Amino acid sequence: MLHNIDNDCVFTPEQVLENRGRVAIFIDGSNLFYAALQLGIEIDYTKLLCRLTAGSRLLRSFFYTGVDRTNEKQQGFLLWMRRNGYRVISKDLVQLPDGSKKANLDVEIAVDMMALVGSYDTAVLVSGDGDLAYAVDAVSYRGVRVEVVSLRSMTSDSLINVADRYIDLDGIKEDIQKTPRHNYTYRPLSGMSLLEDADHQK
C-alpha cells in the first residue's frame with residue numbers, strides 16, 4: 001500500500017521539467033565556444049535555443065561575449081544572433097600582457113540574473129565558471145530554479161553544487177550541433193551526387 005502512495009506522490013523527472021515555468025537563458029559565449037572546440041562540434045544556435053527552452057515559455061535569451069570591432073565575421077555572427085532570438089551583451093576585448101585578448105562578462109551575467117528575478121522561474125546558465133556560483137546561490141534563495149549547462153571538464157564543482165540541475169554538454173551535443181551535411185567540400189563524392197540529382201530531375 002505504501003508503495004502505491006509513493007508512486008502517487010513522487011514526480012517523475014519529466015514532470016519536474018514540465019514545471020519549469022518561465023525560462024531565462026544566460027550564455028557565457030567564450031565558455032561555450034571553448035566547450036564546442038573541446039567537443040569538436042560547431043554549435044547550431046537555433047537548435048541550442050530550442051534545446052535549452054525545451055518547450056517552456058522563454059522570457060529572454062542572453063548571449064554574453066567579448067568583441068573585436070575589427071572582426072567583420074564576428075560582427076555578422078552577432079547581428080544574426082540578435083535577429084534570431086538572442087539578446088547580445090558585448091564588451092570590447094582587452095589585450096593581456098601575454099598577447100592574448102579577453103573580456104570577462106561574469107559581472108554582467110550576475111547582475112542580469114539578479115535584476116530579472118521575479119520575471120522568470122528557471123534560469124539556464126550556460127557556463128562552467130565557478131565565479132558565478134555566488135550569483136546562482138543568490139537567485140536560488142530568491143526562489144529561482146537554476147540549471148547549469150556546460151562541459152564537465154570545464155565546469156567548477158562549486159557551480160554544480162549550487163545548481164538545481166546540471167546538464168553536461170557532451171550529453172546533448174547531438175541536439176545542438178550543426179549537421180555535417182552542409183560541409184560539401186569535405187565530401188569527395190558530392191560532385192557525383194549532384195550530377196546524379198540532375199539526371200533524376202530530367
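User: Which side chain does R20 join in a polar contact, and at what distance?
Analyst: The side chains of R20 and S56 are joined by a polar contact of 3.3 Å. That term means a pair of N or O atoms within 3.5 Å; within protein, one must be able to donate a hydrogen and the other to accept it, and residues adjacent in sequence count only if both atoms are side-chain atoms. This is a predicted model: local features need pLDDT of at least 70, side-chain atom pairs count only at pLDDT 80 or more, and totals for chains, interfaces and linings use all residues. Residues are numbered from 1 along each chain as its sequence is written, and side-chain values use heavy atoms, leaving out hydrogens and water.

User: Is R20 buried or exposed?
Analyst: R20 counts as buried, because its relative accessibility is 4%. Buried means under 20% relative accessible area, exposed over 50%, partly exposed in between (1.4 Å probe, protein chains only).

User: What does R20 touch?
Analyst: Not counting residues up to four places away in sequence, R20 touches L52, T53, A54, S56, D121, T122, V124, R145 and E147. Touching means heavy atoms within 4.5 Å.

User: New topic. What about A133: buried or exposed?
Analyst: Buried, at 11% relative accessibility.

User: Which residues does A133 touch?
Analyst: S158, L159 and V162, again leaving out residues up to four places away in sequence.

User: And how far is A133 from S156 in space?
Analyst: They are 8.7 Å apart, C-alpha to C-alpha, with a sequence separation of 23 residues.
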